[in-house]
Amino acid sequence: MLLDKFQAMTEFQQELAERKIKPFGAVTEQLLSPTEGIVGGHQVILAGTNNYLGLAYHPHCIAAAQAAAERWGTGTTGSRLANGSFIEHELLERELADFHGVDHAICFTTGYSATMGMCSTLAGPGDTILLDADSHASIYAGVRLSSADIIRFKHSNPDDLAKRLRRLGKRAGNALIVVEGIYSMLGDTAPLREIAEVKRQYGGYLLVDEAHSLGVLGDTGRGAAEAAGIEDSVDFTAGTFSKSLGGTGGYCVSRHAQLESIRYCIGAYIFTASATPSTVASTREALKILRTEPRRRSLLWEHARHLYHSLEAMGLTLGPAVSPVVAVQLEDRDQAIQCWNALMESGVYVNLVIPPASPSTNFLLRCSVSAAHSRAQIDSIISAYSNLLRSGLISARQVA
């Protein structure tokens with residue numbers, strides 16, 4: 001039967017309903033501040049929102065969105081190819097290109113469509129794409145649509161990338177290499193300096209998805225490539241507005257003039273309604289704040305280091321390095337669900353991540369730190385995890 005493949009998920013959802021637990025699609029009934037809300041009837045610290053710079057609730061971004069809606073209306077009612085662009089779309093593209101120090105930019109309606117659209121279009125039949133094995137679902141969706149030959153290399157392993165490029169011979173010079181800046185589940189950063197050296201040696205084109213590293217890494221917040229000092233080696237930079245910029249949408253920038261022609265070949269751009277005026281306006285305002293308030297980035301990292309090292313000192317198994325994404329790894333699904341629920345009841349909302357969304361067979365309690373968190377709120381998150389240990393919900397075998 002066509003629908004039989006969904007039976008396991010149906011049973012899992014029924015199990016959660018019977019236990020009156022809703023870790024997936026939890027409903028936020030009210031926002032109290034950038035970092036607090038009412039979720040599932042609980043007043044909680046929001047520790048799973050990816051609001052890295054705290055701009056999703058910034059009064060300047062809200063005011064810009066309101067003014068744009070009054071001026072332009074609530075939606076564009078069509079794609080930019082068919083209906084044309086609002087001047088606001090073009091201004092945002094110019095500002096993104098300027099921010100990244102290149103000449104060309106494309107804005108998409110979602111971050112998913114940005115990476116999916118670029119990966120599905122840049123390479124085609126007869127071409128080769130090499131992607132990190134832990135790439136985001138949007139990247140996998142794109143490369144499958146491309147009809148190119150797909151080669152996965154071991155996660156953050158430049159030597160394995162080099163080996164696979166070497167096997168391609170002359171084809172390596174025309175290959176597309178796809179990596180991320182910060183990987184969203186465990187918060188690890190790609191070894192971009194080494195990957196750029198592999199590209200220099202064997203050729204190819206490099207696309208870096210900076211979705212979780214925009215505003216987080218680099219002296220000016222451009223991302224992991226800036227932090228690694230290899231921006232000149234990056235051919236295409238993709239990103240999203242839904243993390244550090246607190247909105248919805250995505251983009252790609254490039255120094256290659258062909259990006260302006262590629263725009264008219266991307267199905268995810270051609271056949272999707274363009275971003276609403278309010279979203280574009282709030283994103284433009286958020287980009288200004290990102291560029292002019294570096295203290296937000298510094299504060300974000302202060303909170304990230306404090307949370308990571310505190311949980312590490314408890315003996316919890318975390319991701320490989322300090323990052324604004326701090327994920328506690330557990331081996332048992334039922335235990336992970338119980339821990340997630342206990343955190344909610346103690347006033348902390350985190351993300352529960354289960355395979356295959358997690359990069360291994362482990363289950364994750366994933367925090368995303370915000371510059372808008374207070375030190376006291378970070379301490380409350382730490383205390384909630386400490387209570388999990390004291391209550392025995394996390395046992396010795398889940399501890400490093």
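Analyst: Leaving aside neighbours within four places in sequence, E88 is in contact with R71, W72, V280 and R284, where contact means heavy atoms within 4.5 Å. This is a predicted model, in which local features need pLDDT of at least 70 and side-chain atom pairs count only at pLDDT 80 or more, while totals for chains, interfaces and linings use all residues. Residues are numbered from 1 along each chain as its sequence is written, and side-chain values use heavy atoms, with hydrogens and water left out.

User: Where does E88 sit, and is E88 buried or exposed?

Analyst: E88 belongs to helix α4 (residues 87-100); helices (H or I, at least four residues) and strands (E, at least two) are DSSP runs, numbered from the N terminus. E88 counts as buried because its relative accessibility is 10%, the terms being buried for under 20% relative accessible area, exposed for over 50% and partly exposed in between (1.4 Å probe, protein chains only).

User: OK, on to the strands. How do β1 and β2 pair?

Analyst: Strand β1 (residues 28-33) pairs with β2 in the antiparallel sense over four bridges, and two strands are taken to pair if DSSP finds at least two bridges between them. The two form a hairpin with two residues between them, and L31 has G37 in β2 as its bridge partner.

User: And what joins β2 to β3?

Analyst: Four bridges join β2 (residues 36-39) to β3 (residues 42-46), and these strands run antiparallel. G37 stands opposite V44 in β3, while the bridge partner of I38 in β3 is Q43. β2 and β3 also form a hairpin with two residues between them, and G40 in the turn has a positive phi of about 55°.

User: Which sense does β3 take with β12, parallel or antiparallel?

Analyst: Parallel: β3 and strand β12 (residues 348-349) pair in that sense over two bridges, with L46 opposite Y349 in β12.

User: What is the strand order in the open sheet of three strands?

Analyst: The order is β11-β14-β13, with antiparallel pairing. Its edge strands are β11 (325-330) and β13 (351-353), each of which pairs on one side only. The twist averages 25° from one strand to the next; for such angles, axes are lines fitted to C-alpha atoms, for helices over the stretch in contact, and angles run from 0 to 180 degrees between N-to-C directions.

User: How many bridges are there between β11 and β14, and which helices pack on the sheet?

Analyst: β11 and strand β14 (residues 363-368) pair in the antiparallel sense over six bridges, and V326 has C367 in β14 as its bridge partner. Helix α13 (residues 295-313) packs on the sheet and touches β11 and β14, its direction making about 20° with that of β11. Helix α14 (residues 333-345) packs on the sheet as well, touching β11, β13 and β14, and its direction makes about 30° with that of β14.

User: What about P355, where is that?

Analyst: P355 lies in the loop between β13 and β14 and is partly exposed, with a relative accessible area of 29%. Not counting residues up to four places away in sequence, P355 touches S360, T361, N362 and F363. P355 and E293 are 62 residues apart in sequence and 37 Å apart in space, C-alpha to C-alpha.

User: Which residues line the largest cavity?

Analyst: The lining includes R80, H89, C107, F108 and V280. β4 (104-108) and α11 (267-270) are the elements that give two or more residues to this lining.

User: And how much space lies in the largest pocket?

Analyst: About 360 Å³. Of the 17 residues that line the largest pocket, the closest to its centre are D134, S135, M185, P356 and A357.

Technical notes: 1 Å grid on protein atoms, 1.4 Å probe; cavity = no way out; pocket = protein on both sides within 12 Å on 5 of 7 lines; lining within 4 Å. Points joined across faces, edges and corners; volume = space filled by probe spheres on them.
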